[in-house]
Amino acid sequence: MLKFLKAQSLKAYNTFGFNIKADLFIKINTTEEFQELLKCKEWRDNKHLILGGGSNVLIVEDFHGLVILNCITGIEILEEEDQSVVVKCGGGENWHEFVLYTLKKNWGGLENLSLIPGTVGAAPMQNIGAYGVEIKDAFHSLEAVNLQTAEIEVFTAADCDFGYRESVFKHKYRGQYFISSVSFKLDRYGFHRLQMSYGIIQDVLKEKGIKSPSIQDVSESVIEIRQSKLPDPAKIGNSGSFFKNPVINFQQFNKLIEEFPELPSYGLDNGQIKLAAGWLIEKAGWKGYSENGVGVHQKQALVLVNYGNGTGKDIMNLAKKIQDSVQNKFGVELSPEVNFV
């Protein structure tokens, strides 16, 4: 039987730690429970918000509707071959714990994505990525419940139309599906090619004296790097990287590099240039800034933080100021990576 809670605090369910409330709240433990929920009056009569780890969402105020927490767990092997394995994971599983599970099995492909907050079900929505790897690189398929028909549909990588922190679930199918499970095709030990194009990973491995790194070595290096730069949400409320790294054309880049020769940049296959949002924000003078109980992290300007007594509106207002400032100084538009509710 489905159990609905009233006036439920969402403080524990958003990594900013805002003590906002939901009129109605429910935890979903199986796909069948969610399909049953779609038949309920509580679903039909309320707007709804589906949460995973709450790490990529900015809830600005109390939610006057139904909040659904994806708690579907379970890991199973779907296919096994000599060089690879396809593993299916429940959408409510913690992402980092799942990555650690694959590492224990000596399956390569997700090591660069270690310590990213959130759940497995939320990962494909924004095609999470870090240190040269995106979820699409190891993605096999996902199962999602259609909110209109209650039917389970399967999406391949092509169906998801993955882009830089993008997928069809953020735009074309926004608010139309509940991701119940995600499957990945991972490489067995000895058949995986490590991705270490980011120099900082190589630097950490070199400091440790590791010349022939394993997937576990790369994962530990990524964890060390992330912990040195990013605040722990359990200690300081945050959603990780708040803004996407902006992508500009080559003509605009040439103008910028003349004025700012130290500007970090990364060439893309399509001829466009990706810039470092954190560098732009820092050079615009925001690193370490604080107001109204929120601010910009002292070590990483890409991270907006809640010091304990801020609100979602305070974060939203600060983000707008930063966007305007970067636009005025560099002529570059910053887009939030987090979803506003």
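Trp-107 counts as buried at 4% relative accessibility (buried is under 20% relative accessible area, exposed over 50%, partly exposed in between, with a 1.4 Å probe and protein chains only). Keep in mind that this is a predicted model, where local features need pLDDT of at least 70, side-chain atom pairs count only at pLDDT 80 or more, and totals for chains, interfaces and linings use all residues. Residues are numbered from 1 along each chain as its sequence is written, and side-chain values use heavy atoms, leaving out hydrogens and water.

**Ring pairs**

- Rings of Phe, Tyr and Trp (its six-membered ring) pair if their centres lie within 6.5 Å; planes under 30 degrees apart are stacked, over 60 edge-to-face, and the rest tilted.
- That rule gives 21 aromatic pairs.
- Phe-34 and Phe-178 are stacked, because their ring centres are 3.9 Å apart and their planes sit at 10°.
- This pair joins distant parts of the chain, 144 residues apart: Phe-34 is in helix H1 (residues 31-37) and Phe-178 in strand E12 (residues 177-187). Helices (H or I, at least four residues) and strands (E, at least two) are DSSP runs, numbered from the N terminus.
- Phe-34 is buried at 0% relative accessibility, and Phe-178 is buried too, at 1%.
- Tyr-101 and Trp-107 make an edge-to-face pair, with centres 6.1 Å apart and planes at 70°. Tyr-101 is partly exposed at 27%.
- Phe-16, Phe-18, Phe-242, Phe-243 and Phe-340 are linked into a cluster by ring pairs.

**Charges over rings**

- A charge sits over a ring if NZ of Lys or CZ of Arg is within 6 Å of the ring centre and within 35 degrees of the ring normal.
- Lys-274 lies over the face of Tyr-164, 4.1 Å from the ring centre.
- Lys-329 lies over the face of Phe-330, at 5.7 Å.
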